[in-house]
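Colleague: Hi! I'm new to this one, could you walk me through it?
Modeller: Happy to, let's open it up.

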Amino acid sequence: MAESIREIREKLQAADHERLPDLFQLYGQDSRSSIRQEVEKAKKRLAAYEKELERIEELKRYEKEYAAYGSICGIDEAGRGPLAGPVVAGAVILPQNCDILYINDSKKLSEKKREELYDIIMEKAEAVGIGYSTPERIDEINILQATYEAMREAISKLSVSPDLLLNDAVTIPEVSIKQVPIIKGDAKSISIGAASIIAKVTRDRLMVQYDSVFPEYGFASNKGYGAQIHIEALKKYGPCPIHRKTFITHFVS
């Protein structure tokens with residue numbers, strides 16, 4: 001008895017990428033048009049997967065170039081631009097030949113995908129460090145210096161000492177470890193991309209918690225950035241304790 005369309009569809013959907021070519025051969029010449037359509041869908045899925053494998057391999061080019069250094073740590077931050085909340089830095093040491101797919105600049109990923117990747121990175125990374133700099137500290141020493149402080153803290157919290165730092169664009173002062181600044185590094189290095197995801201998800205979760213304390217500003221949705229609802233609330237209610245005073249002078253006197 002021939003397999004039903006439903007059975008074949010489920011088999012194609014459930015198959016791993018190594019098994020799919022055998023199924024294409026098995027069902028590709030099926031006379032039923034709906035089966036051929038399912039096969040074509042599966043072929044597109046496999047092609048997208050293979051394209052992602054190629055992209056990830058390209059994303060490892062700096063890690064391969066500096067492989068002789070041993071433990072390579074990616075560094076990135078989240079939250080330099082918002083009007084409220086801390087700046088958060090992430091430091092991530094991935095295993096050599098890391099097999100995590102879909103890592104990218106966190107801004108290019110959906111919130112759902114960032115959350116998924118955060119859990120995978122935390123599970124598979126050799127070490128993860130997270131650093132913070134408060135709104136008060138940002139006002140005191142400026143956002144750039146506060147970002148450097150958060151990055152140094154993130155490095156200090158790593159359980160493995162890195163031999164090399166790959167940084168998103170910056171060179172961090174007062175760090176003795178060799179550094180390689182990479183412009184737009186979160187989209188060019190798998191380690192920096194992983195760090196950007198850790199920093200972004202950590203900060204976003206924190207801003208959601210702040211929303212329950214200061215609900216009028218909409219922090220859960222705008223994460224402290226200058227969205228219209230945030231600016232209107234700032235003008236109406238004035239600043240709250242997590243606002244950066246040096247960032248809001250255009251909106252409050």
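Colleague: Which residues lie nearest the centre of the largest pocket?
Modeller: Those are E63, L94, P95, Q96 and N97, out of 16 residues that line the largest pocket. A pocket here is an open set of points on a 1 Å grid over the protein atoms alone, where a 1.4 Å probe fits, with protein on both sides within 12 Å along at least five of seven lines; lining residues have an atom within 4 Å of a point.

Colleague: Before I go on, what kind of model is this?
Modeller: It's a predicted model: local features need pLDDT of at least 70, side-chain atom pairs count only at pLDDT 80 or more, and totals for chains, interfaces and linings use all residues. Residues are numbered from 1 along each chain as its sequence is written, and side-chain values use heavy atoms, with hydrogens and water left out.

Colleague: Thanks! Which helices each supply at least two residues of that largest pocket's lining?
Modeller: Helix 4 (61-65) and helix 8 (190-213) do. Helices are DSSP runs of H or I with at least four residues, strands are E runs of at least two, and both are numbered from the N terminus.

Colleague: And what about the second largest pocket, what lies nearest its centre?
Modeller: E77, A78, G79, K107 and Y225, among 15 lining residues. Strand 1 (72-78) and helix 8 each give two or more residues to that lining, and helix 8 gives the most, with 4 residues.

Colleague: New topic: which residues touch the most other members in the largest nonpolar core?
Modeller: V92, L94, I103, I121 and I197, in a core of 23 residues. Such a core is a set of buried Ala, Val, Leu, Ile, Met, Phe, Trp, Tyr and Cys residues joined through side-chain atoms within 4.5 Å. Helix 8 brings the largest share of this core, 7 residues.

Colleague: Last one, which residues of helix 10 are buried?
Modeller: In helix 10 (residues 228-237), H230, I231, A233 and L234 are buried, meaning under 20% relative accessible area, while exposed means over 50% (1.4 Å probe, protein chains only).

Colleague: Why are they on the same side of helix 10?
Modeller: Because they cover an arc of only 160 degrees around the axis, taking directions from the helix axis to the C-beta atoms. The face turned away from that buried side carries the exposed residues Q228, K235 and K236.

Colleague: And what comes just after helix 10?
Modeller: G238, which takes a positive phi of about 80 degrees.
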